[in-house]
Amino acid sequence: MDKKKILIVDDDENIAELISLYLIKECFDTEIAGNGEEALVKFKDYKPHLVLLDIMLPGIDGYDVCREIRKNSNVPVIMLSAKGEVFDKVLGLKIGADDYMVKPFDSNELVARVQAILRRTEGTEASDASETKINEEVVSFEGLTVNLTSYSVLYNDMLIEMPPKELELLYFLASSPNQVFTREQLLDKIWGYDYVGDTRTVDVHVKRIREKIKDENNWSIATVWGIGYKFEVK
């Protein structure tokens, strides 16, 4: 089995090397970039399965690197920031980051988050490699098909680009129509591993989903005020 490739983007060489050692120990392949420009070049050449991206970089900062990556790719991005730095979590999520961690972090937690995100994206590769798609995880409504096996969303006969977390959240809601979920439940179900983010994370992802797919006459992503969300089927 080929090793999963992780691009580490950090201008602190010692931290980058340390993260690389953690990941190599867990049988990942790694590449290091020390600034934003180098990160974008290596992203194209190295073709990583996941990017660990520091916010404060010389030249192009982490936010802009993430924006550039998201123009053409849904490769998962975990943003990193040092404790005490001004880090806008909501902005990071809005521009397409899948997760974030504050340095210094526990090496086991870092590896767990990397592994968890990669597990979620493996469905795409598995489905591409096999022509027989048995027991697909699919939910369909009028004008909308969400396929968790192939990580694809078809909306009014158009394929919609959607990062893994958004797709998983949409699938989870749509697979339990009319059931209300609190933001805390959604955080636990979609992000798991005792995610340390706050509930605004869910709101940001719902907003991004709503920007891509609009409510139809027969179904909608409904806000249940003071509680959370549901996929409402009429």
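This is a predicted model: local features need pLDDT of at least 70, side-chain atom pairs count only at pLDDT 80 or more; totals for chains, interfaces and linings use all residues.
Helix 2 spans 36–46 and helix 3 spans 62–72. The crossing of helix 2 over helix 3 is right-handed. To see where they touch, show the side chains of Gly 36, Ala 39, Leu 40 and Phe 43 on helix 2, then Val 65, Glu 68 and Ile 69 on helix 3. By class, this contact has five nonpolar residues, one polar and one charged.

Which elements give two or more residues to the lining of the second largest pocket? Helix 2 and helix 3 do. Select Leu 40, Phe 43, Lys 44, Lys 47, Glu 68, Ile 69, Asn 72 and Ser 73 to display that lining. The space in the second largest pocket is about 180 Å³. Its lining divides into three nonpolar, two polar and three charged residues.

Now move to helix 6, residues 164–174, and helix 7, residues 183–191. Here the packing angle is about 120°, and the axes are 10 Å apart. Helix 6 and helix 7 are therefore oblique to each other. Helix 6 passes helix 7 in a right-handed crossing. Select Lys 165, Glu 168, Leu 169, Phe 172 and Leu 173 on helix 6; they meet Leu 186, Lys 189, Ile 190 and Trp 191 on helix 7. Colour this contact by class to find six nonpolar residues, three charged and no polar ones.

Note on methods. Residues are numbered from 1 along each chain as its sequence is written. Side-chain values use heavy atoms; hydrogens and water are left out. Axes are lines fitted to C-alpha atoms, for helices over the stretch in contact, and angles run from 0 to 180 degrees between N-to-C directions. Helices (H or I, at least four residues) and strands (E, at least two) are DSSP runs, numbered from the N terminus. Angles under 35 degrees count as roughly parallel, over 145 as roughly antiparallel, 65 to 115 as roughly perpendicular and the rest as oblique. A crossing is left-handed if the near helix is turned anticlockwise from the far one by less than a right angle, and right-handed if clockwise. Contact means heavy atoms within 4.5 Å. Ala, Val, Leu, Ile, Met, Phe, Trp, Tyr, Cys and Pro count as nonpolar, Asp, Glu, Lys and Arg as charged, and the others, Gly among them, as polar. On a 1 Å grid over the protein atoms alone, a cavity is a set of points where a 1.4 Å probe fits but cannot get out, and a pocket is an open set with protein on both sides within 12 Å along at least five of seven lines; lining residues have an atom within 4 Å of a point. Grid points are joined across faces, edges and corners, and a volume is the space filled by probe spheres set on the points.
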